[in-house]
Amino acid sequence: MSYRQPAQGTQPPYDAPEYGSTHKRHPKQPLLRIPQTLTETSAPRMRPALYETTHNLAKGPGWEAQGERIAVAGRVLDEDGRPVPGAMVEVWQANAAGRYNHERDQHDAPLDPNFKGEGRVFTDAEGWYRYTTIRPGAYPWRNHHNAWRPVHIHYSLFGAGFAQRLITQMYFPGDPLLALDPIFNCVPDPAARQRLVAAFDLDITEQDYALGYRFDIVLRGRDATPMENPA
Amino acid sequence: MSLPATASQTAGPYWHLIDFPEWADLLRSSGPNAAIEGERITIEGTVTDGDGAPCADVMVEIWQADPAGSYDGDFHGYGRCGTDKDGRFRFVTLKPGPVRAEGNAFQAPHVVISLFARGLLKQLVTRLYFAGEKLNEQDAILNAISAGRRGTVLAQQAGDGVWRLDLRLQGEGETVFFEV
Ligand SMILES: [Fe+3]
């Protein structure tokens, strides 16, 4: 068993001239293609007993974050459309003002003492996950003049194989900053880029409480044919 | 078949919101491996960039087999560590055993290292092998690396139970990173 290679243009490069932080951090040597072994096809068994879940980032006993409440739900699938059950999904984000609860974030926007901006959920047997939070704000960064990151939530996912490990970002529909963002636009294929944008979803929306967004995530699927040894 | 995998995006500079420093100690007393026996080791090193400057905001993750070389046992072989201001990371774990490979072969003991950071649009993946290990000579992946670069994945013993491997993202002595 091995996981298939990404479809052409669907993954960003390491060397992206328009994203300044890649300049000194991208390898100059080509990556060495290796056959997947048990090491890559197995994965740590992340489970709620070891990693406590946080379904609501915006509210706890005696506190509630400032901002527009949102519910985010979606399915984690593989490339064959099979649900990935028990996947650990970690999310982190800026507060409603566009400020991270992080000592290195120097953006002069207010911190919210009631918002840490970090959560962790697991997918169910059908691959569904769901959490509640507040809509993050856009924030400036120093990549180029007047650079602002579009509104986004960071995602970290663990599948059934370490080769499926994924960190990505979820964006919001209709954000005018998307067209200007080097990180979003580093994904060459426009369709692959659009799949990083969540969809407003009335079925996920909670009456009198929170707007709903749908964001599905696809992890690498299994290769039909075993990969030949390139060495 | 018809659904391409979701695009990777950088972890950015603020991933520390999901940094739980205790995860760097796989043998932590309240953790899943507290009762598992094996050879206790420390894995440490630095991450530097193309200028040789320390990378102070990297999420270093490890994934490894248990002391018997199995991924199916009770041992939870996952750890996460953020680099400090000098680009240093440090894990406490048990030394992995040889992992079964094709046929009757074994892979030499190894630890997968993944790096996520600002400036990395997707993770960089490498392995740490232990210098002097007998099975290293027969390991198919080590042997796929040119002799001149093999040292970039060989941790050297730097004290009792301490194994050191420095990772260089770019330039002279650049670490061999894998496409898996
Ligand atoms: Fe961000």
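**View 1. An open sheet of four strands in chain A of the predicted model.** The strands of this open sheet follow the order 6-5-10-11 in chain A, and their pairing is antiparallel. Its edges are formed by strand 6 (118–122) and strand 11 of chain A, each of which pairs on one side only. On average, and with direction ignored, neighbouring strands of the sheet are turned by 25° against each other.

**View 2. The pairing of strand 10 with strand 11 in chain A.** Strand 10 (residues 152–158) and strand 11 of chain A run antiparallel and are joined by six bridges. Within this pairing, the residue that H152(A) stands opposite in strand 11 of chain A is Y171(A).

**View 3. The interface of chain A and chain B.** Here 78 residues of chain A are in contact with 63 residues of chain B, and the area buried between the two chains is about 6,400 Å², of which carbon and sulfur atoms give 59%. Between the chains, 42 residue pairs are counted in polar contact. Strand 11 (residues 166–171) of chain A gives the most to the side of chain A that touches chain B, contributing five residues. That side of chain A divides into 37 nonpolar, 21 polar and 20 charged residues.

**View 4. A salt bridge between chain A and chain B.** Five salt bridges are found across this interface, and among them is one in which the side chains of R165(A) and E61(B) meet at 2.5 Å, N to O.

**View 5. Strands that pair between the two chains.** Strand 1 (residues 32–33) of chain A and strand 12 (residues 178–179) of chain B run parallel and are joined by two bridges. In this pairing, L32(A) has F178(B) as its bridge partner in strand 12 of chain B.

Methods: Residues numbered from 1 in each chain as written. Chains lettered and ligands numbered in written order. Predicted model: local features only at pLDDT ≥ 70, side-chain atom pairs only at ≥ 80, totals over all residues. Heavy atoms only, no water. Contact = heavy atoms within 4.5 Å. Buried area = accessible area lost by both parts, 1.4 Å probe. Salt bridge = Lys/Arg side-chain N within 4 Å of Asp/Glu carboxyl O. Polar contact = N/O pair within 3.5 Å; in protein donor to acceptor, adjacent residues only side chain to side chain. Nonpolar A, V, L, I, M, F, W, Y, C, P; charged D, E, K, R; others polar. Pairing = 2+ DSSP bridges. Axes fitted to C-alpha atoms, helices over the stretch in contact; angles between N-to-C directions.
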